[in-house]
Amino acid sequence: MKSVKEIVLPQLAESLVSATIDKWLKKPGDRVEMYEPLCELITDKVSAELPSTVAGTVTKILAAEGETVPVGEVVCLIETDEAGSGGGLSGVAESAASSAIESARPAAGAGESDGSMRNRYSPAVQQLAAEHGVRLQDVPGTGQGGRITRKDVLAFVEAGAHKAGIRTESDVSKVEVRSTGLHLTETPRIPTVQPTAQGRGEDYIDVTPIRAAIARNMKQSVTEIPHGWMMIEVDVTNLVALRNKLKDEFMKREGVNLTYLAFVLKAVVNAIKDFPIINSAWAVDKIIVKRDINISLAVGTEESVATPVIKNADHKTIAGLAKEIDDLARRGREGKLTLSDMQGGTFTVNNTGSFGSIITNPIINYPQAAILTFESIVKRPVVINDMIAIRSMANMCFSLDHRILDGIICGRFLQRVKDNLESFNSDTKLY
């Protein structure tokens with residue numbers, strides 16, 4: 001006997017109470033298998049797919065595309081071949097849906113009017129295609145609705161079908177970004193802007209839920225937190241030599257790039273141990289000092305900036321931090337960060353120097369008490385013992401919540417970070 005099951009929006013995360021339906025992948029009359037994606041969701045933090053918890057036929061869609069749906073609300077009905085009361089999800093099924101949603105994926109661009117996903121490319125697919133000189137129009141898609149996946153691109157490359165479109169070295173050189181920064185290792189990705197409407201001499205772009213959340217959080221930070229700001233200069237000549245000495249061996253051993261950021265994080269977490277008030281938050285009548293040191297990393301994507309978290313960063317070695325950074329940055333660019341990746345941060349570090357920046361005035365990641373940016377490493381003449389020497393120098397810029405922190409404690413904290421960075425030498429151990 002057939003029955004009708006209600007598919008409801010499950011609890012995505014403790015702090016999220018709703019999600020926006022971005023696009024339905026199924027329509028009434030379509031067959032759906034268990035755990036097959038029904039629709040794409042957008043939350044304040046990541047995008048995800050809502051999987052079906054039953055197998056059957058979609059009979060009715062109750063939430064329109066673009067509609068924000070609260071947790072627990074029915075979004076569609078599915079007719080199954082199983083006998084039942086037609087009630088809501090069971091606890092096991094809802095848990096399975098929530099677990100599947102945790103495997104978040106990037107938000108896609110606009111689809112074709114006929115519902116096909118053939119021309120909907122994720123940022124990860126676009127980046128991979130650009131790296132190999134692949135025309136996505138030539139790649140067969142095996143994903144939902146003919147969508148092209150990363151595996152499709154890799155298979156296309158391995159088959160050698162892309163060779164006619166490979167960029168030459170001269171082509172690549174034309175788009176390289178010039179910078180004196182020593183650790184500007186890649187050309188910054190340029191966001192793709194897709195106007196949704198046009199006016200006279202103007203284009204209009206819909207504000208996505210993620211962009212709206214960024215705007216809301218930034219406004220809350222600058223209006224509620226009295227920001228203070230300071231900067232310190234660091235001599236990282238020994239650090240540059242150390243990294244150059246170890247990076248090739250580290251890549252062979254771990255398969256991960258040994259970045260300067262790993263050393264910066266180690267210097268920061270060791271300084272936080274000495275000045276725990278830095279690792280705090282304002283609670284009106286109390287200051288909450290966090291015992292765990294969870295470092296939020298600012299990771300830029302084509303559409304936004306994500307802040308995934310390295311949990312218990314003070315318990316990790318430099319090698320461990322390097323691997324965590326690589327994993328979070330890669331998944332951030334591919335849109336694969338989960339909700340749990342984004343939660344629990346107590347202090348934020350941003351590697352703005354990767355773009356060649358030398359001075360940044362960062363906005364605090366609310367409700368944390370401070371944020372630090374590590375700027376570009378630049379060779380400069382400096383005076384040492386009344387003599388001029390060429391050294392690798394970098395600035396560190398620090399924004400603080402002046403309700404909690406004052407200049408003296410922050411100055412000492414920055415000096416400790418500086419001392420830690422300048423203490424790295426050829427005897428420093430990665431493990």
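Q: Where does V17 sit?
A: This is a predicted model, where local features need pLDDT of at least 70, side-chain atom pairs count only at pLDDT 80 or more, and totals for chains, interfaces and linings use all residues. Numbering runs from 1 along each chain as its sequence is written, and side-chain values use heavy atoms, with hydrogens and water left out. Strands here are DSSP runs of E, at least two residues, and helices are runs of H or I, at least four, numbered from the N terminus. V17 is in the loop between β1 (3-8) and β2 (18-24).

Q: Is V17 buried or exposed?
A: Buried means under 20% relative accessible area, exposed over 50%, and partly exposed in between (1.4 Å probe, protein chains only). V17 has a relative accessible area of 59%, so V17 counts as exposed.

Q: Which residues does V17 touch, not counting those up to four places away in sequence?
A: Contact means heavy atoms within 4.5 Å. The C-alpha atoms of V17 and V71 are separated by 5.5 Å, though the two are 54 residues apart along the chain. Leaving out the sequence neighbours up to four places away, V17 touches V69, P70 and V71.

Q: What span does helix α8 reach from its first C-alpha to its last?
A: The expected span is 1.5 Å times one less than the number of residues. Helix α8 (residues 318-333) has 16 residues, and 22 Å is expected. The model comes close to that, with α8 reaching 22 Å.

Q: Which residue just after α8 takes a positive phi?
A: The phi in question is about 75 degrees. The residue that takes this value just after α8 is G335.
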